[in-house]
Amino acid sequence: MNHRYSERIPVECGAVFSGENICREGRVIDVSLPGCLMESPELVKIGDYIRLRLFLPDQSSPLNVPLAVVRRVDGSFIGLEFIRSSDEDQARLTRYVRRSFPVPGKAVGRWDQGIELMAA
């Protein structure tokens, strides 16, 4: 069984991502503290590094992730791990996940449990 250290929160929002020779839009399906699952017809491969802007439903400005890595590819679905983000954007994502978590009182993971992103 694959152990997850943070719950996935279903979400429907847009994203813009860029990497080596690409700049495309995608649709985010779920988000967690260390990453997200995105759908896009763009061909990427495991290990590719990208920049990402997430347009979360309750945010006035996009969440910026200047460095993410592709961890999984299944057809048009792309699993991303966030590697670098600002302290402010880390806090925004943490608040969003905690507010959206469907089971009140259940832990969703914390940056101080070894899931810390490096500040940009």
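**Note on the predicted model: strands, core and helix**

1. Arg72 stands opposite Gly79 in strand β6. Strands here are DSSP runs of E with at least two residues, and helices are runs of H or I with at least four, both numbered from the N terminus. The model is a predicted one, in which local features need pLDDT of at least 70 and side-chain atom pairs count only at pLDDT 80 or more, while totals for chains, interfaces and linings use all residues. Residues are numbered from 1 along each chain as its sequence is written, and side-chain values use heavy atoms, with hydrogens and water left out.

2. Strand β5 (residues 63–74) and β6 are antiparallel and are joined by seven bridges; two strands count as paired if DSSP finds at least two bridges between them. The two strands form a hairpin with two residues between them, and Gly75 there adopts a positive phi near 65 degrees.

3. The overall order of elements may now be stated. The chain contains six strands and one helix, and from the N terminus the order reads β-β-β-β-β-β-α.

4. Ile9 stands opposite Val31 in β2. These two strands also form a hairpin with two residues between them, where Asn21 in the turn has a positive phi of about 65 degrees.

5. Strand β1 has a further partner in β4: the two run antiparallel and are joined by five bridges. Here Val16 has Arg53 of β4 as its bridge partner.

6. What share of the chain is buried? Of the 120 residues in the chain, 42% are buried, a term that means under 20% relative accessible area, whereas exposed means over 50% and partly exposed lies in between (1.4 Å probe, protein chains only).

7. Which residues of the largest nonpolar core touch the most other members? They are Cys36, Leu52, Leu54, Leu80 and Phe82, in a core of 26 residues. The elements that give two or more residues to this core are β1 (9–19), β2 (22–32), β3, β4 (49–55), β5, β6 and α1. Strand β1 supplies the largest share, five residues. Such a core is a set of buried Ala, Val, Leu, Ile, Met, Phe, Trp, Tyr and Cys residues joined through side-chain atoms within 4.5 Å.

8. Setting aside residues up to four places away in sequence, Cys36 touches Val28, Asp30, Val31, Leu52, Leu54, Ile78, Gly79, Leu80 and Phe82; contact means heavy atoms within 4.5 Å. For the chain, residues 24 or more positions apart account for 54% of the contacts with a separation of 6 or more.

9. Arg99 belongs to helix α1 (residues 87–100). Is Arg99 buried or exposed? Arg99 is exposed, because its relative accessible area is 52%. Apart from its neighbours within four places in sequence, Arg99 is in contact with Asp58 and Gln59. Between Arg99 and Ile9 there are 90 residues of sequence separation, yet their C-alpha atoms lie 10.0 Å apart in space.
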